[in-house]
Amino acid sequence: MGGKARFLIRDRDSKFPATFDAVLADAGLKAVTSGIRIPRMNSIMERWVQTCRHELLDRTLIWNRCHLLHTLREFELFYNEHRPHRALEQAAPLRSLPEPIAEPGQIRHLEIRRQDRLGGTLHEYRHAA
């Protein structure tokens, strides 16, 4: 909560002139540029920011810094522990896929429970035990 930023990681876009880095240096930040000709270096974070904005921040009214930090922590847990990712075959980064249901009889009696996070902005669905 009381941490201070020391670095700003940015790409080598021409929209960041030398004066931009000078302003950051005056504020006590060091600008670190991403690698040359490494397009995937920035894409992972850009995708996370886009997902966070689309699924959370566009639907949430943030009251203050404390509320923002709480909201982002909750979304990070949801994103890494529950939200399915296409690249991981619908698993979450910190959760493996459940065993597939092989018997059709089990599907007819399948009970799903929903848990809301952040006042219903995010939903988690689980099989009832």
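Me: How many disulfides does a search of the whole structure find?
Reply: This is a predicted model, and every value here is computed from it. A disulfide needs two cysteine sulfur atoms within 2.5 Å. When the whole structure is searched for such pairs, the number of disulfides found is zero.

Me: Is C52 buried or exposed, and what does C66 count as?
Reply: Residues under 20% relative accessible area are buried, those over 50% are exposed, and those in between are partly exposed. C52 has a relative accessibility of 2%, so C52 counts as buried. C66 has a relative accessibility of 45%, so C66 counts as partly exposed.

Me: What kind of aromatic pair do F75 and Y79 form?
Reply: Both residues lie in helix α3, where they are four residues apart, or about one turn of the helix. F75 is buried at 0% relative accessibility, and Y79 is buried as well, at 13%. The centres of their rings are 5.9 Å apart and the planes stand at 40 degrees, so the pair is tilted.

Me: Which residues do ring pairs link into a cluster?
Reply: A search of the whole structure finds five aromatic pairs. Among the aromatic pairs is the one between F16 and F20, which is tilted, with 5.0 Å from centre to centre and 50 degrees between the planes. The cluster that ring pairs link together consists of W48, F75, F78 and Y79.

Me: Where is H82 placed, and is H82 buried or exposed?
Reply: The place of H82 is in the loop between α3, residues 65–81, and α4, residues 104–108. Not counting residues up to four places away in sequence, H82 touches L77, A92, R95, H123, E124, Y125 and R126. Its relative accessibility is 9%, which is under the 20% limit, so H82 counts as buried.

Me: What does I62 count as, given its relative accessible area?
Reply: I62 has its place in the loop between α2, residues 40–55, and α3. Leaving aside neighbours within four places in sequence, I62 is in contact with L57, H67, L68 and T71. With a relative accessible area of 29%, I62 is partly exposed.

Me: In which sense do β1 and β2 pair, and which hand does the β-α-β crossover have?
Reply: Strand β1, residues 7–10, and strand β2, residues 30–33, are joined over four bridges, and the sense of their pairing is parallel. Between the two strands the chain crosses through helix α1, residues 18–26, and this β-α-β crossover is right-handed.

Definitions and conventions
Residues are numbered from 1 along each chain as its sequence is written. This is a predicted model: local features need pLDDT of at least 70, side-chain atom pairs count only at pLDDT 80 or more; totals for chains, interfaces and linings use all residues. Side-chain values use heavy atoms; hydrogens and water are left out. Two strands pair if DSSP finds at least two bridges between them. A crossover is right-handed if, with the strands pointing away from the viewer, the path from the first strand over the helix to the second runs clockwise. Buried means under 20% relative accessible area, exposed over 50%, partly exposed in between (1.4 Å probe, protein chains only). Contact means heavy atoms within 4.5 Å. Rings of Phe, Tyr and Trp (its six-membered ring) pair if their centres lie within 6.5 Å; planes under 30 degrees apart count as stacked, over 60 as edge-to-face and the rest as tilted.
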